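Subject: Structure handover

Hello,

Here is the structure I promised. Please open it alongside this note.

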Amino acid sequence: MENEFRDLMVETPNEANVFVCGIPLDKNASVGKGARFAPKTLRELSSDLPPLDRVGADLRKTKIFDYGDFIDDNFDKLTWDLQGFLKNDGFHVIFGGDHSIAIATERAFFDKCKLIGKIPVIIHLDAHPDICDEYLGSKFSHACPIHRALDYGFKDENITLVGIRGFEAQEIETFKKHTKLDVFKADDVKQLGVNTLIEILKKKYSDEKYELYLSYDIDANDPAYAPGTGTPEAFGMTNFETVEFVTKLVSELNVTAMDLVEISPTLDVNNITSWLGLKTLYEIFSSLIKANKIK
Ligand SMILES: [Mn+2]
């Protein structure tokens, strides 16, 4: 696309320190659809976005190579594609799609960590735990990725959920079987504050043996900030809370890959939700530059 990621794009993977791809899949969303259009919308909007963060810092050390979209609804094939994508040395961003795409991205991340001798960790920022074993007759629903991650080999203690406030009854039962899986509800975030939460995560995952994957479902934000999403959930985090959380997470812990899921341009209002996702991503770039993780 013309002028995509304005002033930040490079022509070859060798020049890049950030790798982007899209997975335009939303057939596993249960309520509102339209997340399949997010990769296209985010790229389109990026051509209007100057390479500066919200306090005016220059982001041009960010060198983005865009792999384009992986178009498939077979999770084994998607996992294989993503294994290749994650092999690149740098920071990885995957645009969903509904949250089911994390089934493939987290499998590929798990495999990559095993290959390089790291312990894979998932930070799941979402209104919903997404830990259903099965939802509406499907094991690949967007309500299932955390259960699939546990099935695949992620350990309870290496998954942390943040921003949670909408549960299914079966999920409460599942939590009883996975007592080391930490759940920070939206209310906990309000009470603790983001800084304390980051300190807790640093105590858990600072050791260099860990490598972290951030799965960011835009519905972690209150629908007031992110209306364009399939399952909006009241009493959510503010945009300042989410941006503070994700930027501190990437600068203070070893996060090497993330997804941004559940943005639905067809349900959005004046692209508010897409803009929030995209602007947050640019704040993440800024944070990586300040932490000297993008050079
Ligand atoms: Mn989700």
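In which sense do strand 4 and strand 5 pair, and over how many bridges? Strand 4 (residues 119-125) and strand 5 (residues 159-164) pair in the parallel sense, over 4 bridges. Strands here are DSSP runs of E with at least two residues, helices are runs of H or I with at least four, and both are numbered from the N terminus. Two strands pair if DSSP finds at least two bridges between them.

Two ground rules. Residues are numbered from 1 along each chain as its sequence is written. The model is predicted: local features need pLDDT of at least 70, side-chain atom pairs count only at pLDDT 80 or more, and totals for chains, interfaces and linings use all residues.

Isoleucine 122 has isoleucine 159 of strand 5 as its bridge partner. For isoleucine 123 the partner in strand 5 is threonine 160. From strand 4, the chain crosses through helix 4 (residues 145-152) to strand 5 in a right-handed β-α-β crossover. Right-handed means that, with the strands pointing away from the viewer, the path from the first strand over the helix to the second runs clockwise.

Strand 5 also pairs with strand 6, in the parallel sense over 4 bridges. There, isoleucine 164 stands opposite lysine 185 of strand 6. Strand 5, helix 5 (residues 169-177) and strand 6 form a right-handed β-α-β unit.

Best wishes
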